[in-house]
Amino acid sequence: MTATYEAIATTTTASNATTVTFSSIPATYTDLVLICAYGTSSAGSNAPYIEYNSNAYTGNLYSSTRLRGNGTAASSSRRTNDPFYITDGIIPSGSVNETLSVIQIMNYSNTTTFKSTLLRNNQAGSGTETLAALWRKTEAISTITLKNLSTYYFIDGSTFTLFGIKAE
Amino acid sequence: VSPILGIWASQNYVRVTNSFESIATVTVGSGGAANVEFTSIPSTYTHLQVRILARSTRTTSETDYMNVTLNSDTGANYSYHYLQGDGSSAAAGASASINQAYSSYIGSDGASNSNIFGVNILDLLDYANTNKNTTFRFLGGMDNNGTGGKVALMSDAWYNTNAVTSIKFAPSTGSFKQYSSFALYGIKGA
């Protein structure tokens, strides 16, 4: 039995970066895990979102079902034919408080099924949530881009680490 | 100073860790499978994780879920709590003294497209400890780009102090479809 959980790449943002991109992701793993510890200049519904594969984005290829607790109540929401927002309304304005997102991209390299993603978010000042997302493409994922809307950006020092998990 | 509009991650940083190991993987073939079972699981790890991509032949709903039994025990020795969202509301529930545990949601033939599978991550903690009962959890869900998608957190318990040596998954209805995949990993302690 061999070790199967490997760090592929990591980045720390600087100079008000609006995007973070992991490219040329090898297809040699089974699942990917992206661990994000970040703040953004955005707020409310203007959350960062994910695109899979460069130049492949059209918003209507994504959808998601979300479960959230905000300290008062639990709720659920859905986006259809809409971008895959990492967080959806739990980021406080101008946050320098860290949001933790663990993004599980399952069977990313198979070419037979649509790609499903599980996500857990923790934002101590606003709430916690989990999400199941769908990208309706069967192609392997080789690029992951996290983007802010408009002119929003990641707070300097935000960290993003991509891991690969290999099944044998 | 002009802002940097994008950051490309370093691609030259690969660090191999030694505590997360692949034990076994099952991918369902063209004939489907009534169940998937891992047997003879070694007790040399601290925790187990199973990463699942699954779809069943159920047609009465967009989603399905899995019945889960440990060590072939089908007695009334399980309980669960769950918290789920269906895209419009959240719900919680529980049950005790039942004959199997349950997973979170997987895909089914009721989904809008045959390429949609659900995903689950099972964490089975301290599975070889014979001093206490076994607790495990699922994070999982399936999105259908519309009605029927669900996401859920599931907590399960098995009221037995034996070390877990086998885990069996079966869809609540029908069988697993081709390309369903189950990967068992062991996590070692220091």
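Is Arg79(A) buried, partly exposed or exposed, and what is the relative accessibility behind that class? Arg79(A) counts as partly exposed because its relative accessibility is 23%, where buried means under 20% relative accessible area, exposed means over 50%, and partly exposed lies in between, with a 1.4 Å probe and protein chains only.

Before I go on, a word on the basis of what you see: this is a predicted model, in which local features need pLDDT of at least 70, side-chain atom pairs count only at pLDDT 80 or more, and totals for chains, interfaces and linings use all residues. Residues are numbered from 1 along each chain as its sequence is written, chains are lettered from A and ligands numbered from 1 in the order in which they are written, and side-chain values use heavy atoms, with hydrogens and water left out.

Coming back to Arg79(A), this residue forms a salt bridge with Asp82(A), with the closest N and O atoms 2.6 Å apart; by salt bridge I mean a side-chain nitrogen of Lys or Arg within 4 Å of a carboxyl oxygen of Asp or Glu. Asp82(A) also counts as partly exposed, at 22% relative accessibility. Elsewhere in chain A, Arg66(A), Arg68(A) and Glu129(A) are linked in a network of salt bridges, and over all chains the structure holds 12 salt bridges.

Let me turn to the interface. Here 62 residues of chain A are in contact with 57 residues of chain B, contact meaning heavy atoms within 4.5 Å. The area buried between the two chains, that is, the accessible area (1.4 Å probe) that two parts lose on being put together, summed over both, is about 4,600 Å², and carbon and sulfur atoms give 60% of that. Between chain A and chain B the count is one salt bridge, in which the side chains of Arg51(B) and Asp31(A) meet at 2.6 Å, N to O.

Now to chain B, which has zero helices and 14 strands, taken as DSSP runs numbered from the N terminus (helices H or I, at least four residues; strands E, at least two). Of the 190 residues in chain B, buried residues make up 48%. Glu21(B), placed in strand S3 (residues 20–27) of chain B, is one that counts as buried, at 9% relative accessibility, and a polar contact of 2.7 Å joins the side chains of Glu21(B) and Tyr45(B).

In chain B, too, the side chains of Asp109(B) and Arg55(B) meet in a salt bridge at 3.1 Å, N to O. Asp109(B) lies in the loop between strand S9 (101–108) and strand S10 (118–125), and Arg55(B) in strand S5 (residues 47–56), so the pair ties together parts that are 54 residues apart in sequence. Arg55(B) is buried, with a relative accessible area of 3%, whereas Asp109(B) counts as partly exposed at 26%.

Conventions: A polar contact is a pair of N or O atoms within 3.5 Å; within protein, one must be able to donate a hydrogen and the other to accept it, and residues adjacent in sequence count only if both atoms are side-chain atoms.
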